[in-house]
Amino acid sequence: MQVPSHVEYERATSVEHALMLLGRPDHRVLAGGHSLIPMMKLRLAQPGVLVDINGLAELAYIEERGGQLRIGAMARHADLLDSPEAGQHFPIFHDAERVVADPIVRLWGTVGGSLCQADPSEDLSAVFAAVRAIAVIRGQDGDREVPVREFHLGPYETVVGPGELLTEIRVPVPAHAGTGSAYEKVARRVGDWSVAAAAAALRLDQGTVEQAGIGLTAVGAEHFVAAEAEDFLRGKPATQQNFEQAAKIASEHCHPVADQRGPEDYKRHLVAELTTRALRRATDRAAERTRA
């Protein structure tokens with residue numbers, strides 16, 4: 001039986017208490033625990049002290065304020081799935097949360113924990129990159145804001161430093177109706193990690209792409225973003241032909257690795273297909289919002 005190495009445990013009673021505890025060496029945040037605990041059992045993560053922040057209800061919220069959707073880091077996946085504000089402005093969140101693991105994980109796992117785990121196959125990392133979210137990181141000197149597109153430094157590594165805590169994710173609420181978003185994923189079985197997945201967020205003006213956000217999961221896209229495909233689409237008509245070309249560009253600029261989930265060529269094929277589907281569905285949703 002696999003068991004973690006010896007670890008000490010501290011339970012934070014407030015954000016300030018958590019920051020104090022995290023300022024000490026070899027501390028690691030415990031949020032939902034569904035990613036960290038399995039890694040500890042495999043000895044892939046061996047923190048000296050776990051700082052449990054599950055009691056920080058002050059970080060468990062989803063609200064619209066100041067022209068932004070604000071998601072507390074301790075909001076659970078199930079909270080985001082059930083949020084009417086999230087679904088109204090960003091249906092991509094509901095798309096993604098429906099395919100995150102299983103109901104038990106969604107009830108316990110946290111949005112902030114998923115981002116901070118920085119797993120290359122994490123669904124929400126690509127989604128937040130596509131919608132150009134901002135991560136709010138708190139330290140002893142106050143808050144700093146980091147675009148999610150700059151949040152991940154590599155597999156299992158983020159810009160959150162020692163003595164810091166991700167407290168909130170902010171997403172600008174669309175100012176006009178011509179916006180749509182969607183997430184498409186292929187997994188080997190329900191609730192599994194992605195073989196590949198694509199996130200799309202579009203802002204259209206009379207059928208022309210004003211802004212495009214494309215996120216990719218599990219295929220080695222830098223910062224989970226298909227930047228070259230976004231650049232291609234900007235200023236072009238929102239047509240099937242242009243979507244297919246953008247998807248081809250996305251597939252050519254990612255870096256999938258052959259593993260038990262499939263060979264590299266298969267994953268590139270999925271990137272092209274899923275990106276096209278996500279762009280098409282995002283466009284259909286933008287049209288529905290315009291007509292409403």
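**View A. Strand E5 and its partner E10.** Strand E10 (residues 165-172) and E5 are joined by five bridges and run antiparallel. Within this pairing, Gly72 has Glu168 in E10 as its bridge partner. Two strands are said to pair here if DSSP finds at least two bridges between them, and the helices (H or I, at least four residues) and strands (E, at least two) are DSSP runs numbered from the N terminus. A word on the model before we go on: it is predicted, so local features need pLDDT of at least 70 and side-chain atom pairs count only at pLDDT 80 or more, while totals for chains, interfaces and linings use all residues. Residues are numbered from 1 along each chain as its sequence is written, and side-chain values use heavy atoms, with hydrogens and water left out.

**View B. The E4-E5 hairpin.** Stay with E5 and look at its other antiparallel pairing listed here: strand E4 (residues 62-65) is linked to E5 over four bridges. Glu63 sits opposite Arg70 in E5. Two residues lie between the strands of this hairpin, and Gly66 in the turn has a positive phi of about 60 degrees. Strand E5 (residues 68-72) is mostly covered, with five of its five residues buried; buried means under 20% relative accessible area, exposed over 50%, and partly exposed in between (1.4 Å probe, protein chains only). Gln68, Arg70 and Gly72 point one way from E5, Leu69 and Ile71 point the other way, and all are buried.

**View C. The parallel sheet E1-E3-E2.** Here three strands make an open sheet in the order E1-E3-E2, with parallel pairing. Strand E1 (8-11) and strand E2 (27-30) are at the edges with a single partner strand each, so one side of each has no neighbour in the sheet. On average, neighbouring strands of this sheet are turned by 30 degrees against each other, direction ignored. E1 and strand E3 (residues 49-52) run parallel and share four bridges, and Glu8 faces Val49 in E3. Helix H1 (residues 15-22) lies across E1, E2 and E3 and runs at about 145 degrees to E2. Axes are lines fitted to C-alpha atoms, for helices over the stretch in contact, and angles run from 0 to 180 degrees between N-to-C directions.

**View D. The antiparallel sheet E11-E12-E13.** This open sheet has three strands in the order E11-E12-E13, paired antiparallel. Strand E11 (179-187) and strand E13 (208-217) are the edge strands, each with a single partner strand, so one side of each is left without a neighbour in the sheet. From one strand to the next, the twist averages 10 degrees. Nine bridges link strand E12 (residues 194-205) with E13 in the antiparallel sense, and Ala197 is opposite Thr217 in E13. Helix H5 (residues 91-98) packs on the sheet, touching E11 and E12, and its direction makes about 15 degrees with that of E11. Helix H8 (residues 123-130) also packs on the sheet, touching E11, E12 and E13, at about 160 degrees to the direction of E13. Contact means heavy atoms within 4.5 Å.

**View E. Helices H10 and H11.** The axes of helix H10 (residues 240-253) and helix H11 (residues 264-291) come within 8 Å and cross at roughly 140 degrees. Residues of H10 in the contact include Phe243 and Ala247, and those of H11 include Val271 and Leu279. Together, the contact residues of H10 with H11 divide into seven nonpolar, six polar and four charged; Ala, Val, Leu, Ile, Met, Phe, Trp, Tyr, Cys and Pro count as nonpolar, Asp, Glu, Lys and Arg as charged, and the others, Gly among them, as polar.
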